[in-house]
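I opened the model to look up a few side chains and their surroundings. My entries follow in the order I made them.

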Amino acid sequence: MSVTEKDRRPRGLRIGERARLRLGSGWTLAALAVALIVLAPSLTVLWSLTAPASENWPHLRSTVLPDYILNTLKLMALVATMTALIGVGTAWLTVSTQFPGRRLFNWALVLPLATPAYIVAYVYTDLLSFAGPVQTALRSVTGWEGGEYHFPPVRSLSGAAAMLSLVLYPYVYLLARTAFERQSAALFDAARMLGARPWRAFLRVALPCARPAIAGGLALALMETISDFGVVDYFAVPTLTTGIFRTWFNLGDVLSAAQIAAWLFVFAIALVFIEIIGRRGRVANPLARDRAAEPRALHGVARWAASLACALPVILGFVIPAGVLLRYAILQGDPLLGRSFFGFAWNSLFVAAVAAVIATALALLLAYGERLHPTRFNRISIRLATLGYALPGAMIAIGILTLSTGIDHAFAGAVDGLGFSPGLILTGSIAGLTFAYIARFLTAAYNATHSGLEKIHPALDAAARSLGATPRRVLSAVHVPLLRGALASAALIVFIDAMKELPATLLLRPFNFETLATRTYRLASDEKLGEASTAALMIVVLGLIPAILLSLSISRGGARSAASN
């Protein structure tokens, strides 16, 4: 090699390194900017802890705050127990046993995801109240009078946990089912050869190997639990979320509400770390997956018991609520059905659609940035940007309100000398509400986009780059066409989640701005379930779209698995 060649080679390497650094810096800065913008509301809430406490805070801290924290912990414990029992039990039955209706339940068990928890709570309160059809039929059959029998109160902490569990168990079911399907038959066969009965083999072998997936599903369910407002408010259960609303609206103390919201942040971060810890320390499948375990045929009473065990969650979590809402919508329905009602629907559709488009675009930016420059700093930035799903909507709303109010006051002070008052520009605006949806549901869009991007082989990137295409050109000409399905799924998930979001919508919506979720909440809170049924049914129908897509995905996955064996 000549001296000239030796001199040129290091120079070329340095130029390449500088080019990669510039490329990486651009995407890294973009990911960091998105993370800071999305996290701004949460950081604002945490910053409120450093502000001087209001005159209400010492009283709240010594009287109601301990109850808020204790009830939130109790609710989380009950929901974790119920969702684990239902989700893991049904997942194991559908994967490892043969019984009547098994193929139907494979996908039908996902359907309760389409029903918001607060709508389920409204339906069962109407059905199980003293004047409802269940207790009325019980009194007519037995001849009992009021006070002569005990009927468990649905409006209680345990009742709230049951309502939440009926719609949140699919998170556990989906991940546990996938984990069970991917386990090697050799594990279970070895336990059976050592004399373990099927139930013992499940507890000692299959369940521990599926622990990481179950931990992930439970974390998702508990994140939804701590962010719930509709159920706990309707059932009068004092939790941290209801405490935020009561402090804000009843006392008019935004600072104390933000300090209560900071406790929600602590719970959310704790759940994230619990999920991370739960996924460590144990391999999901220590053996290579030679073949899936063959489903074991059940006989006699056991086969019908398995069918009933899988049917009950679907019936209670989807069939009964949807059927009751459909009946009320036909017999009574919303009195404003017409131009006013379609205005509510348009408000929901418009804000949810804008949030879905922006969130999907940001998710694509983050996922592609990580693909181009997978540094630790970039991954941390993306992790922070996608932390929103773990943060309750009420907490994000508090942060956005504090930020927007501060910006509005600063702007008003800056133009005060010009002789006009601009009023509130950002506070109580559609932009603030849309931002809350994006900050809350960017995680869902990112997960769907990132999964789709992982399926594109890096060789396609290398081929396009070798032809002189820039990273932007590769993204627009190669990846986006291949990601149409993933991007559509991401936008659809964000759209449906935004349609159902209640706490952030109640806190941030503009004056006289009604959505389907707030319309349902307001009417049902006034005990007008018949009138609320139209808006509630529309939310359920829209929620069916991603639930059906998930169900079809599960069915295809099961079919491919069976074909490969």
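**Entry 1: L75.** I listed the contacts of L75, leaving aside neighbours within four places in sequence, and got L157, A160, A161, L164, T225, V232 and T239. The model I am reading is a predicted one. L75 sits in helix α3, which covers residues 65-96. Is L75 buried or exposed? I note it as buried, because its relative accessible area is 2%, and the cut-off for buried is under 20%. I also took the distance to one of the contacts, L164.

**Entry 2: the core.** I then turned to the largest nonpolar core, which has 166 residues. Which members touch the most others? They are M163, V231 and F235. Helix α7, residues 157-181, gives this core its largest share, 16 residues. For V231 I listed the contacts, again not counting residues up to four places away in sequence: A117, Y118, A121, A160, M163 and L164. A160 and L164 are in that list, and I had already written both down for L75.

**Entry 3: salt bridges.** How many salt bridges does the structure hold? I count seven. Side chains of opposite charge can pair when their charged atoms come close.

I looked up E501 and R440, whose side chains meet in a salt bridge at 3.8 Å, N to O. The pair links distant parts of the chain, 61 residues apart. E501 is in the loop between α21 (484-500) and α22 (503-508), while R440 belongs to helix α18, residues 430-454. E501 counts as buried because its relative accessibility is 8%. R440 is at 3%, so R440 counts as buried too.

**Entry 4: a network.** Which residues are linked in a network of salt bridges? I found R509, E514 and R522. Between R509 and E514, the closest N and O atoms are 3.0 Å apart. Between E514 and R522, the N to O distance is 3.2 Å. E514 takes part in both of these bridges. R522 is at 36% relative accessibility, so I put R522 down as partly exposed.

**Entry 5: a surface patch.** I looked for nonpolar side chains on the surface and noted a patch formed by L308, L312, I315, L316 and V319. Together these residues have about 390 Å² of accessible area. I315 lies in helix α14, residues 301-331. With a relative accessible area of 36%, I315 is partly exposed; the patch takes residues with over 30%, so this value qualifies.

**Entry 6: confidence.** I ended with the pLDDT values. The mean over the protein chain is 81, and 83% of the residues reach 70 or more. Residues 1-23 have pLDDT below 50, and this stretch has six contacts in the model beyond near neighbours in sequence. Residues 559-565 also stay under 50. For residues 559-565 I noted four contacts beyond four places in sequence.

Notes:
Residues are numbered from 1 along each chain as its sequence is written. This is a predicted model: local features need pLDDT of at least 70, side-chain atom pairs count only at pLDDT 80 or more; totals for chains, interfaces and linings use all residues. Side-chain values use heavy atoms; hydrogens and water are left out. Patches are made of residues with over 30% relative accessible area and no salt bridge: like charges are joined within 9 Å, nonpolar side chains (Val, Leu, Ile, Met, Phe, Trp, Tyr) within 5 Å. Accessible areas come from the Shrake-Rupley method with a 1.4 Å probe; for residues, only the protein chains shown count as cover. A salt bridge is a side-chain nitrogen of Lys or Arg within 4 Å of a carboxyl oxygen of Asp or Glu. Helices (H or I, at least four residues) and strands (E, at least two) are DSSP runs, numbered from the N terminus. Buried means under 20% relative accessible area, exposed over 50%, partly exposed in between (1.4 Å probe, protein chains only). pLDDT is the predictor's confidence in each residue, from 0 to 100. Contact means heavy atoms within 4.5 Å. A nonpolar core is a set of buried Ala, Val, Leu, Ile, Met, Phe, Trp, Tyr and Cys residues joined through side-chain atoms within 4.5 Å.
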